[in-house]
Amino acid sequence: MAAKSKILVIGGTGYIGKFIVKASAETGHPTFVLVRDNTLSHPEKSKLVESFKSFGVTLLYGDLTDHDSLVKAIKQVDVVISALGGQQIDDQVKIIAAIKEAGNIKRFLPSEFGLDVDHHNAVEPVSSFFEKKVKIRRAIEAERIPYTYITSNLFAGHFLPNLLQQNVTTPPRDKVVILGDGNVKGVYVIEEDVATYTIKAVEDPRTLNKTVYVRPPANILTFNELVSLWEYKINSTLDKIYIPDDQLLKSIQESPFPDNFMLALRHSFLVKGDCNYEIDPSFGVEASKLYSEVKYTTVDNYLNAFV
Ligand SMILES: NC(=O)c1ccc[n+]([C@@H]2O[C@H](COP(=O)([O-])OP(=O)(O)OC[C@H]3O[C@@H](n4cnc5c(N)ncnc54)[C@H](OP(=O)(O)O)[C@@H]3O)[C@@H](O)[C@H]2O)c1
């Protein structure tokens, strides 16, 4: 059997990065993480880095802004996964330059892990943010670097613990705000499953130069379906406050950052249906069909933790 690809995760100490590092190491890929020196002085992150060592991950010290450290790290692996955060999307041009110089990379997965930025109806300020990811896609393609884009839709851990309500940390027990008519389908994916599908895709020839859409069928739900599921679990009926599209757009324009960003993101997938762009086989594949053996966590099961 061919040896498993060596994987470098840049941004492995971040929110989604840590799940990707774990999935990579657990599936037997020699796994490397680029770690910044000052991350080790951060109490939580230093514990995370220690835990990486315990499952056999190799730490490579470096920084996005240090070209030589990037090239040196990249030369040791076959696959680069970027899980850099929203603030560092533009800076991925530095990874592209380092991959070009190193000349050995079989697959690059840039930091995506959201909606399909080439096909959306998002308004500002989200559309400008998506545009940054689009620019990185085009730069990768222009340099002819083999790629896979992971369109994993909505992280369950980000959106479901408060049932997508703004500025609260627990799910609603008496009333719920519904953007639009609540009949638009969203796709919620548990972070561990995003990581599992991502690692499965890295050396799969079917995902080469393709977008991988993660749409586990049981997790494609309208907001009204999500609310009904929650009501059933708590055995209670919530008061429903519907916010029509024009009122939502006005709130987006009038709210300061980051509220405007969070509202515009919800507008994109809850009102405009941006999780459900039709997959064209010439550039896209669906993860739960490709990897039907993955026993993903359903939203139904996930919500039980919050009852
Ligand atoms: N679908 C969804 O629901 C959803 C939700 C949130 C995010 N996302 C997407 O997921 C992706 C990752 O976001 P995230 O929130 O997981 O990121 P994050 O938590 O902000 O993590 C950022 C990572 O980048 C590293 N980093 C920052 N500056 C660096 C530098 N100069 N050199 C090297 N490493 C550097 C950080 O390292 P340190 O630990 O050293 O700081 C950290 O590991 C983004 O594309 C984002 O848009 C999707």
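I began with helix α9 (residues 245-254) and helix α10 (residues 259-271), whose axes come within 9 Å and cross at roughly 155°. This is a predicted model, so I keep that in mind for every entry. Are α9 and α10 roughly parallel or roughly antiparallel to each other? Angles over 145 degrees count as roughly antiparallel, and α9 and α10 are therefore roughly antiparallel. I also noted that α9 passes α10 in a left-handed crossing.

Next I looked up who makes this contact. From α9 I found Asp245, Leu248, Leu249, Ser251 and Ile252, and from α10 Asn260, Leu263, Ala264, His267 and Val271. By class, the contact of α9 with α10 has six nonpolar, three polar and one charged residues.

Then I turned to a second pair. Helix α3 (residues 67-74) and helix α4 (residues 92-102) pack at about 55°, with their axes 9 Å apart. I therefore call α3 and α4 oblique to each other. Here the crossing of α3 past α4 is right-handed. On the α3 side I listed His67, Leu70, Val71 and Ile74; on the α4 side, Lys94, Ile95, Ala97, Ala98, Ile99, Glu101 and Ala102. This contact of α3 with α4 has eight nonpolar, one polar and two charged residues.

Last, the ligand. Which of the 27 residues around the ligand come nearest? I found Thr13, Thr39, Lys45, Ser111 and Asn153. A polar backbone atom of Asn153 is 2.6 Å from a nitrogen atom of the ligand. I also saw a side-chain N or O atom of Arg36 at 2.9 Å from a ligand oxygen atom. For Gly14, a backbone N or O atom lies 3.0 Å from an oxygen atom of the ligand.

Definitions and conventions: Residues are numbered from 1 along each chain as its sequence is written. This is a predicted model: local features need pLDDT of at least 70, side-chain atom pairs count only at pLDDT 80 or more; totals for chains, interfaces and linings use all residues. Side-chain values use heavy atoms; hydrogens and water are left out. Axes are lines fitted to C-alpha atoms, for helices over the stretch in contact, and angles run from 0 to 180 degrees between N-to-C directions. Helices (H or I, at least four residues) and strands (E, at least two) are DSSP runs, numbered from the N terminus. Angles under 35 degrees count as roughly parallel, over 145 as roughly antiparallel, 65 to 115 as roughly perpendicular and the rest as oblique. A crossing is left-handed if the near helix is turned anticlockwise from the far one by less than a right angle, and right-handed if clockwise. Contact means heavy atoms within 4.5 Å. Ala, Val, Leu, Ile, Met, Phe, Trp, Tyr, Cys and Pro count as nonpolar, Asp, Glu, Lys and Arg as charged, and the others, Gly among them, as polar. A residue is near a molecule or strand if one of its heavy atoms lies within 4 Å of it. A polar contact is a pair of N or O atoms within 3.5 Å; within protein, one must be able to donate a hydrogen and the other to accept it, and residues adjacent in sequence count only if both atoms are side-chain atoms.
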